[in-house]
Amino acid sequence: MQHHFIANAPARSSSERTLPVIDPSDGQTYDTIQRGTADDIDQAVRAARQCYEGAWSKLSAAERGRLMMRLSLKLGEHAEELAAIEQRDCGKPTKQARADAVALARYFEFYAGACDKLHGETLPYQQGYTVFTWREPHGVTGHVIPWNYPMQIFGRSVGGALAAGNVCVVKPSEDACMSLLRVAQLAAEVGFPAGAINIVTGYGHEVGDALARHPGIDHISFTGSPTVGTLIQQAAAERHCPVTLELGGKSPQIVFADADLDEVLPVVVNAIVQNAGQTCSAGSRLLVQEGLYEPLLERLGAAFSNLRVGPAAMDLDVGPLIRQTQQQRVWDFLSDAQHAGIPMVAQGQVVEEAPESGFYQAPTLLRDVPVTHRLAQEEVFGPVLAAMSFRDEDHAVELANATQFGLVAGIWTRDGARQLRMARRVRSGQVFINNYGAGGGVELPFGGVKSSGYGREKGFEALLGFTTLKTVAIKHG
Ligand code: NAD
């Protein structure tokens, strides 16, 4: 049985109830976590506050950086162990689980180095005054984390918050807690003071809601669905608590007729099958210029047919989805597509070794998807790619911007002027030209516009969101 991690110690929930931990590869329960309560959140927030005003406040920025670097090195030493935990908990193929563990260590490395490089400014003002600004931490920050990339999202969110001088109360997804409970233990082992990193597990509508409403939380960083993002924002609005929202996406890959097909193909495939399509920035819409549409779909269809899906430990192209309800959600989308007469170009194969009780879904390529259909509008969060064609730049921009989301866009063309025109006209938080995702990019600010959220995480920019600016004006004559 797993416990919360509060003030550097395991803690039972006041509910005295637990939730099952299920392996998505076979659908079987293999452990339990605490079903947390509002009282548990209160206990964690108190521990965090005590730390913030006590041991944490005594650390200089450089000392904080050294502590974070020690954790980064420790995470690197334990990368295989963490990857194995994540693989079982989330159904991630080995390569993906390892990449997540390595990225977690890298986030702490990046933010360790940033701790003592965050500073205010001196401002020119009237004669007789000296005016400057301080960048101060918010205090106790709350972090609500989804199940798709627990370690990476913890790294970017908690890493940034700690570097800026905050202490953290973390609510992981009820479907993916295991790696983060271990990370918190490792943080305690390298010397993080009790209360700096606290983890409370349980349901979102119980523990997550209590976190968003708690008066002792000074800032909330939420990563998850737009629906829950709205609830978090509403709860936080009651007490004017600042919020960063990292929400969903329906990101377009826009391929012009002059693009290099050999370069486009593997990247387009990976952008939708990575993590079984359960990626906020998945390239889930494929917009192709007329002329290249048929040749590209033919080659892409062949690539999809070769994709193999199976248990995470087999380390195939695609692992299982996180849970049965997610599998059902993808099935519902595909059934809607069938009823609407949307043609299927190709599907990958689920291998024979995959247990029937696991949550598998073969990657699916659909073509001629009408821009108004829900497959072109809503996040499937599964390995389903919706392709459509466009005539020219104006048409490409119209289609690209025709959803409520604006997280990431990929633009594929050799024409430099068009690259820049398109990058300006597409509404999204990140634009990639002749690549997609830049291999993760810990250093690159990330976040959305429209219903993809607001605020930025990753990179140095995140530290601005995890601080508040105080202006000090001195009149000395
Ligand atoms: P979700 O919104 O269902 O859950 C996210 C977290 O919120 C979980 O910890 C959950 O327990 C909690 N939660 C649920 N109800 C709550 C409530 N009423 N109050 C407070 N907390 C609550 O999302 P999910 O299914 O875990 O993750 C998938 C979603 O996350 C997708 O929409 C995806 O695009 C998004 N996502 C976005 C990013 C990004 O950076 N933009 C990254 C990863 C995932």
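Student: Which domains does the shell around the ligand draw at least three residues from?

Tutor: In this predicted model, domain 1 (4–247 + 454–474) and domain 2 (252–441) each contribute at least three residues to that shell.

Student: And which helices and strands supply at least two residues each?

Tutor: Three helices do so, namely α5 (150–163), α7 (204–213) and α8 (226–237), together with the strand β10 (219–223).

Student: Which residues come nearest to the ligand?

Tutor: Arg156, Glu174, Ser225, Leu247 and Glu379 do, out of 31 residues around the ligand.

Student: How does the shell divide into nonpolar, polar and charged residues?

Tutor: The shell holds 16 nonpolar residues, 9 polar ones and 6 charged ones.

Student: Turning to the backbone, what lies 2.8 Å from an oxygen atom of the ligand?

Tutor: That is a backbone N or O atom of isoleucine 145.

Student: How much of the ligand's accessible area does the protein cover?

Tutor: On its own the ligand has 840 Å² of accessible area, and the protein covers 91% of this.

Methods
Residues numbered from 1 in each chain as written. Predicted model: local features only at pLDDT ≥ 70, side-chain atom pairs only at ≥ 80, totals over all residues. Heavy atoms only, no water. Near = heavy atom within 4 Å. Polar contact = N/O pair within 3.5 Å; in protein donor to acceptor, adjacent residues only side chain to side chain. Areas by Shrake-Rupley, 256 points an atom, 1.4 Å probe, with all protein chains shown as cover. Helix = DSSP H or I, 4+ residues; strand = E, 2+ residues; numbered from the N terminus. Nonpolar A, V, L, I, M, F, W, Y, C, P; charged D, E, K, R; others polar. Domains from an automatic or database assignment.
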